[in-house]
Amino acid sequence: MRSVDEMFLWNCWYAAAWEHELEGGVKLARTFLEKPVVIYQGDSGDYVALDDRCCHRAAPLSMGRVEGDCIRCMYHGMKYGPDGVCIEIPGQDTIGPNHRVRRYPIVSKGNLLWIWMGDPELADPDEIHDFAPLSDSNWRGFEKESYLHYDANWLLIVDNLADFSHLAFVHTNTLGGSEDYAFVTHPEVDKHDDGFSIVRWSRNDAPAPYHLKVNPDAPAKVDRRNTVRMHTPGLFFMETLFAPVGWNADGDDFEGVKQYRNCQYMTPETRTTTHFFWNYLHNYRLDDPAVSASLQASLLEGFMEDKVIIEAQQKLLEMEDPFAPRGLAGDVSLAHFRRVWEGMIRTERETYPGVERKVGNPLL
Ligand code: FES
Ligand SMILES: [Fe+2]
């Protein structure tokens, strides 16, 4: 297995939490890139992300108490400002320059909190890939957006999303529809400096079961198109449509066409585990909450099918027995993504070390 140095990119924005996960004064303990972080919302409404270990004896600040925009460690009472600097030590007048914890830039966009784990000086919120439908009232998503935890390296999830032929076999009865989906299409792949895009038509094919559930009167055959875009560090956006057979994609007649928008965010928790955030939005029957509820349940069912096979892959790849993957033509997108990713990490290591060299722990 690769070292952490070769695995993580630090200077980029990662999806950290849906806003609703912080509701009710939650102090969210979540690990990113093998660093424990506490996230909370202060009284001012601002979000704060700090190292989750008190600088005194490493008690979790997520077990602490939010006071205004500050947080107090509930072991011996050190109080930290939202910048991570200690402002009060009970029973002690002096506060040293090292009495502080690391602060991580955190920004909310489209109901999603984004965290920057690298050099805070380089964090530019304008670089966040905002997914427009999340903030557009013409699209309806889930009542509460979804989160899944994966016992697998996040690149295995990227691989999964890079080749939709798996829909035919992993998701036959949920997201796929028929095994034909793996055989009849010839996806157009475009390689980009920060990922890839794919357009995959499946013409005159059965509608996907999840679509049929909310559209029981859909015709037996449809033309289906998935247009996907994957960005580093693991941001996936997809436009899906189901149209009458023979539909002219270059025209402007959307009669009988049903559309969806999907975002999926993969954030490394550790080298072998991943945070996975997602939403699936539709733009019809917007006043009917049953549509998004059904889509959420169907998509979850499908994503659990992915999770089972990807976590099983992870287990086998962790074995000592060496494994050399054999390539297939459909690997073009995932192979490109991994090349881009490794290049970005090599470049970043020239200027930013990522992890401190001296990893030590004198308390244990
Ligand atoms: S561990 Fe936090 S104040 Fe002692
Ligand atoms: Fe899948």
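Author: A residue is buried if 20 or more other C-beta atoms lie within 10 Å of its own, exposed if 12 or fewer, and partly exposed in between, with C-beta atoms placed from the backbone.

The model is predicted: local features need pLDDT of at least 70, side-chain atom pairs count only at pLDDT 80 or more, and totals for chains, interfaces and linings use all residues. Residues are numbered from 1 along each chain as its sequence is written, while chains are lettered from A and ligands numbered from 1 in the order in which they are written.

The protein has seven helices and 17 strands; helices (H or I, at least four residues) and strands (E, at least two) are DSSP runs, numbered from the N terminus. Buried residues make up 35% of its 364 residues. The domain assignment, automatic or from a database, gives domain 1 (4-127) and domain 2 (134-345). Their C-alpha centres lie 32 Å apart.

The strand in question is β1 (13-18), an edge strand, as is β9 (106-109); each pairs on one side only. The open sheet has three strands in the order β1-β10-β9, with antiparallel pairing. Two strands count as paired if DSSP finds at least two bridges between them. Between β1 and β10 (residues 112-116) there are five bridges. Within this pair, Y14 stands opposite I115 of β10.

The surroundings of A16 can be listed by contact, meaning that the C-beta atoms of two residues, placed from the backbone, lie within 7 Å. Leaving out residues up to four places away in sequence, A16 touches R30, F32, I39, I106, L113, W114, I115 and T267.

Across the boundary, 18 residues of domain 1 are in contact with 16 residues of domain 2. On the side of domain 1 that touches domain 2, β1 and β2 (28-32) each supply at least two residues. β1 gives the most to that side, with four residues.
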